Amino acid sequence: MTLELVLRGARIAGAEADAPPMDIGIAGGRIAAIEPEIGAAGGADTLDLNGRLVSAGLVETHIHLDKSRIIDRCAPAAARARDHMERVSAVKPEFTVEDVHARAAETLEQSILNGVTHMRTHVEVDPNVGLRGFEALQQLAADYAWAVDLELCVFAQEGWTNAPETDRNVVAALERGAAVVGGAPAYDPDHAGQIRRIFELAIAYDRDIDIHLDVGPTADDMDIDLVCDLTDRHGYGGRVAIGHGTKYSLLPPARLRALGERLASAGVAVTVLPATDLFVTGRHQDHAVVRGVADANALIECGANCSLSTNNVLNPFTPFGDGSLLRIANLYANVVQRGNEDELTECFEMLTRRSARLLRHDDYGIEVGRPADLVVWNARSPAQAVATIALPLHGFKRGRRTFSRSLPRLNRP
C-alpha cells in the first residue's frame with residue numbers, strides 16, 4: 001500500500017517509557033506502519049515531530065453541547081445560589097434548532113482544536129425544549145463527521161416519571177436514532193422508577209445507558225446499587241456508565257473500595273466531571289466546603305473503568321470552559337492530589353483508552369490497521385502532557401489533518 005502521510009519521530013502514548021521514537025505511516029485513513037524508520041515514502045507527505053508525543057484522539061464521554069454558551073442569557077446568580085437547573089430551564093423554551101446548532105458548533109470546534117476525535121453529548125428533551133436540541137445535534141454530527149464521531153445520548157434533565165410528554169420525547173428520539181439513553185434521577189420524584197424506565201428502553205431499543213447519578217453533598221441515598229443490580233440482571237455489563245458520582249468523594253476508604261469492586265463486577269463505568277462538580281457542590285456550606293470530585297484513580301485500582309470529561313461549557317452549571325480535556329485532567333489531578341508519573345499517566349488514559357472503552361470503540365488506538373485518529377502534543381509523555389496542560393499541535397481524523405497550531409515564540413531583544 002502506498003503511504004500518504006508519515007509522522008516521523010513520534011513518541012507513542014502507551015509505549016514503554018524508554019521506547020525510542022517511531023515513524024507512523026498512514027494510508028487509506030488508517031495506520032499502515034509503525035517502524036523505527038520508514039524509508040523514503042515516495043510522494044507521501046511527512047511531518048517531523050522531533051520526539052513529541054502522539055496519542056490516539058481524545059474521547060469526550062460526557063458533555064452538553066445543546067446548553068453550552070448560554071451564560072449571557074441566563075439570570076445572574078445570587079451568591080452561592082443552588083438554582084442552576086432553574087436558570088437553565090428558564091431559557092430552554094427560547095432554544096431553536098438554529099440557535100442550538102450555532103452554539104454547539106462553536107463548542108464542538110473548540111473541542112476538536114483541543115484534540116477530541118470522539119464525543120458523546122447528552123441532549124435534553126424535556127417538554128420545554130422538545131426535540132429541537134436533538135434535531136440540531138443530529139445535524140451537527142453530520143456536519144462535523146470529517147473531524148469527530150459524535151454520539152447522542154437522549155435524556156430528561158428535569159424529571160421523567162411525572163411528565164408523560166418527556167417519555168414520549170425520549171422514545172421519539174430513540175426511534176430517530178439516538179445511540180444512548182440516560183436520565184437524571186435526582187430531579188425525579190421517583191428515582192428508581194426513572195432508572196428502571198431507562199433500562200427498559202435501552203433493552204427494547206438495544207441502546208447503551210449513561211445516567212447522571214448520585215449528585216449531592218452527602219453519601220446518603222445513593223442510586224448506584226440499583227444501577228449495578230439492573231446491569232447484572234439484564235446482562236448489560238460494559239454498556240452502562242454514570243456521570244458525576246459526587247457522593248463517592250465522601251466515602252471512607254473501605255466503602256470506596258467496596259464501590260469500586262461492585263462497579264468492576266457489574267461492568268458499570270464512571271465519568272468524573274471535575275469542573276462542574278467543583279463549581280456546584282458544597283454550596284450549602286460557608287467553610288470546609290465539600291469538593292465533590294470522586295477519586296477515579298481509586299476506583300480504577302479496584303478494577304472499575306473511569307473517564308474524565310467536561311460536562312458543561314459557559315452555562316450556569318459551569319460558567320467557564322475552553323474545550324480542553326487536558327485542562328480538565330490537570331484540574332482533577334490537583335483536586336484529588338494525584339501527581340506521580342503513574343497517576344498522571346492514568347489521568348491521560350482516562351481521556352483516551354479508558355474513555356474509548358466506555359464508548360465501546362474497539363477500533364481505537366495506535367496500532368497497525370486502526371483508524372488514523374491521532375493528536376500530536378507538545379510533550380514527551382502522557383504524564384508530562386497532563387502536568388503541563390500541553391498544547392495539541394496537530395490533529396488527524398482518519399488520516400486527514402483537522403487542525404494545526406504553531407508554538408508561541410519569545411521575541412528576544
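Is Arg120 buried or exposed? Arg120 counts as buried, because its relative accessibility is 1%; buried means under 20% relative accessible area, exposed over 50%, and partly exposed in between, with a 1.4 Å probe and protein chains only. The model is predicted, so that local features need pLDDT of at least 70 and side-chain atom pairs count only at pLDDT 80 or more, while totals for chains, interfaces and linings use all residues. Residues are numbered from 1 along each chain as its sequence is written, and side-chain values use heavy atoms, with hydrogens and water left out.

**Salt bridges**

- A search of the whole structure finds 29 salt bridges, each defined as a side-chain nitrogen of Lys or Arg within 4 Å of a carboxyl oxygen of Asp or Glu.
- Arg120 meets the side chain of Glu151 in a salt bridge, at 2.6 Å from N to O. This pair links distant parts of the chain, with Glu151 in strand S8 (residues 149-155) and Arg120 in strand S7 (residues 116-124), 31 residues apart. Glu151 counts as buried because its relative accessibility is 17%.
- Arg360 and Asp208 form a salt bridge through their side chains, at 3.0 Å from N to O. Arg360 lies in the loop between helix H12 (353-358) and strand S14 (374-377) and Asp208 lies in strand S10 (residues 208-213), so the pair ties together parts that are 152 residues apart in sequence. Arg360 counts as partly exposed at 41% relative accessibility, whereas Asp208 counts as buried at 6%.
- Arg69 forms a salt bridge with Glu106, and the closest N and O atoms are 3.5 Å apart. The two residues link distant parts of the chain: Arg69 is in the loop between strand S6 (58-63) and helix H1 (84-91), and Glu106 is in helix H2, 37 residues apart. Arg69 counts as buried at 15% relative accessibility, while Glu106 counts as partly exposed at 46%.
- A network of salt bridges links Lys67, Lys92, Glu124, Asp126 and Glu158.

**Helices H2 and H3**

- Helices (H or I, at least four residues) and strands (E, at least two) are DSSP runs, numbered from the N terminus.
- Helix H2 (residues 97-113) packs against helix H3 (residues 132-143) at an angle of about 45°, and their axes are 8 Å apart. That angle makes H2 oblique to H3; angles under 35 degrees count as roughly parallel, over 145 as roughly antiparallel, 65 to 115 as roughly perpendicular and the rest as oblique.
- Axes are lines fitted to C-alpha atoms, for helices over the stretch in contact, and angles run from 0 to 180 degrees between N-to-C directions.
- In H2, the residues that meet H3 include Val97, Val100 and Leu108; among their partners in H3 are Ala136, Leu137 and Leu140. Contact means heavy atoms within 4.5 Å.
- By class, the contact of H2 with H3 has eight nonpolar, three polar and three charged residues. Ala, Val, Leu, Ile, Met, Phe, Trp, Tyr, Cys and Pro count as nonpolar, Asp, Glu, Lys and Arg as charged, and the others, Gly among them, as polar.

**Helices H6 and H7**

- Helix H6 (residues 224-233) and helix H7 (residues 253-266) pack at about 25°, with their axes 9 Å apart. H6 and H7 are therefore roughly parallel to each other.
- The contact is made by Ile224, Cys228, Asp229, Thr231 and Asp232 of H6 together with Leu259, Arg262, Leu263, Ser265 and Ala266 of H7.
- The contact of H6 with H7 has five nonpolar, two polar and three charged residues by class.
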